[in-house]
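Trainee: I want to go through the charged side chains here. Shall we take them pair by pair?

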Amino acid sequence: MQSSLSLSLSPSVALSSFYIHRTETSQVTGQTQSVDPSLHRPSKMKRKREGKEMATAAGTGSSCDGGSGRGYEVFLNFRGPDTRLTIADTLYNNMIRAGIRVFKDNEELRFGEEIGGGLLQAINDCRIYIPIFSKNYASSKWCLRELAHIVELSRDDDEKVILPIFWDVDADDVKLKTKLYQKALRKHKSTSGKDLAKKWKKALREVAKIRGRNLKDHGLHKLTNFVVEEVSNLLWPRQTDMPNHLVGIKDRMDHIMNLLDLGAFDVRFVVIHGMGGIGKTTLAEEVFRQISPQFQGHCCFLKDVRSNDIINLQKKLLSDILNLSWLNPSFIGKEADLIKTRFHGKKVLVVLDDIDGWDQIMRLADEPNRLGGGSRIIVTTRNIEFLVKEGEDDNVPTSNSGQISFYDMPKMNSHDAHQLFCECAKPPPDYMDITIKLINVLGGLPLALKVVGSMLRGRCQSTWEGTLSKLKRVMNKDVKKHLMISYKALELIQQQIYLDIACLFFNKEKTTAVKYWDAIYGYRTEIEVNILKHMSLIKISSDDKLWMHDQLRDLGRNIVDPKNGEIHMRGSRLWSPEDAFPVVQTEMGTKDIVALNLGTPHPNKTYRFKPKQFAGLVNLRFLQLDHGNFEGDFKNVFSELRWLSWSNCPSKFRATNFVLTNLTILMLCGNNVTEDWGGWCQIMV
């Protein structure tokens, strides 16, 4: 019966086309935005026409706006002299800032008697129409022509919505129950004909039946806020569609939306954390795309915070949220103060992508209690060390602030990994076998799948096979460059522990490995392991095993590769017997080697290791072998050794002076390990 022994020899050391005639940018004051609590995100919106409910929902538009590939969504119908400098411009600018594609016509520049060209195209493309009724609205033939056409479109398409605004008139005026519009319509009858005037009257009455917004009920500020939010909610169902190129993101979106809970009025921070290249930014971008319309333009996506100048980021933040122009010299040097004062009480949406310190949050998002109710701050990071409570040991982090929620970005599943790679690489049907092998080598990391897949697209099979062979030995340089960011952010001892896990302790018990590191470094190294965990470089499984993503494991092994590794770490951990055994056999060991895995050199041959083969390995602290034996005088040869793992030990121990003074972990396995085995008397001294 085979016996196995594992000993800890010392205690753990304590220790984001058609020409618009005029665009005006207004200075936003930072005044608190009013919120109508009755407004929620509907899948459909119902408007009543004298008791009859008309279901409406956002439809699709065509491309006609400056070649951007997207058509207008909202059409403003108004009489310029009455409302251009008030409701029309305010509403237009607020919608633009909310990301809504709005067309604002200027009827004063129109000539002729018919709607045509770009104007007709813009009206036809829009999904939402906002007629603004003012005292002299009916005097404009162009306003009435547009209105009649809009009504015809809405009759034929239930997905087109009319949202009337009664500026300085009442619905009864527009229904022609008063004399306000009647004089103008009589004039139109004499100049444009009876039939056309009749058509315009019918359009006015029909739109007036729709329940709209009235200035006297709200005031300008609240009125524009309500309309922008209502339009955003109507457009919402279309904006929740996922772009075709996003794979495996829906479930993750659902998790983030639950954490954000947009219906709640408190201020919330959501931290998306995980290793580099796993898709944190992609997820944050999609969340931002979907929910930003609900923040009426008070939203900003700051990308690559860690690698950008904080002052430039503050300027972009203030420009996006407050629409401030940095050509004004009075703002220079006051960025931080403006964020504190002008953001106070304002409902904002800010995404801070790729941060690595609490100071960045404070300088870009301010204190949570300063922001307006309903504000949401989304953070992406590789490192949550600065966010969790001191001494936090759990795999579920707890923040220093109860307002912060964490989302640990999961590894992409095999089905989604296959779909993403195939979308990028477009492999022919007969490439499926090698496709699966490539996906396995890349470990399902989205960044690696996209980089390598795009590189192989359209290439011949021999190139695919060559790439597979190379990736088994050397990481893709673009993927490595991205992952090295996290490695370089580590302190020296943390780098050493990371390399040990990648090369020696992957899927091994954490507690035992920590005792090994405690013995080497002379203090309790559990804190360093927790830092690696908080930096998304490793995970601790439920059964206390050390685990890391395949690409992070391969990064570590690539760093120490004896031929292609980083110069200062090259060959320091010979984790592969193919590299380790020749070093011992040729007596080429150096002081730079700290770990050897000799494995089983020749399964059918008992190899006897001599002292001179280890003479140059003066800093060796980890040794693992299977079979084999030691022969000769080993006095002072393994003075730095802390870990010895020996499987299938021989019955007769041939070494002398095999004293392992600093040994901490001893693992022996084999049929011959008995109580009277000959090695005990030397190893256990």
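Mentor: Start with Lys612, which counts as exposed at 57% relative accessibility. Exposed means over 50% relative accessible area, buried under 20%, and partly exposed in between, with a 1.4 Å probe and protein chains only. This is a predicted model: local features need pLDDT of at least 70, side-chain atom pairs count only at pLDDT 80 or more, and totals for chains, interfaces and linings use all residues. Residues are numbered from 1 along each chain as its sequence is written, and side-chain values use heavy atoms, without hydrogens and water.

Trainee: Which residue meets Lys612 in a salt bridge?

Mentor: A salt bridge needs a side-chain nitrogen of Lys or Arg within 4 Å of a carboxyl oxygen of Asp or Glu. Here the N to O distance is 3.7 Å.

Trainee: Is Arg376 buried or exposed?

Mentor: Arg376 pairs with Asp266 in a salt bridge of 3.8 Å, N to O. The pair links distant parts of the chain, 110 residues apart: Arg376 sits in strand S13 (residues 376–381), Asp266 in the loop between helix H9 (250–260) and strand S10 (268–273). Asp266 is partly exposed at 35% relative accessibility. Arg376 has 0%, so the call is buried.

Trainee: Which residues are linked with Asp266 and Arg376 in a network of salt bridges?

Mentor: Side chains of opposite charge can pair when their charged atoms come close. The network holds Asp266 and Arg376 together with Asp261 and Arg268.

Trainee: In which helix do Glu286 and Arg289 both lie?

Mentor: Their side chains meet in a salt bridge of 2.9 Å, N to O. Glu286 is buried at 4% relative accessibility, and Arg289 is partly exposed at 30%. They are 3 residues apart, about one turn of the helix, in H10.

Technical notes
Helix = DSSP H or I, 4+ residues; strand = E, 2+ residues; numbered from the N terminus.
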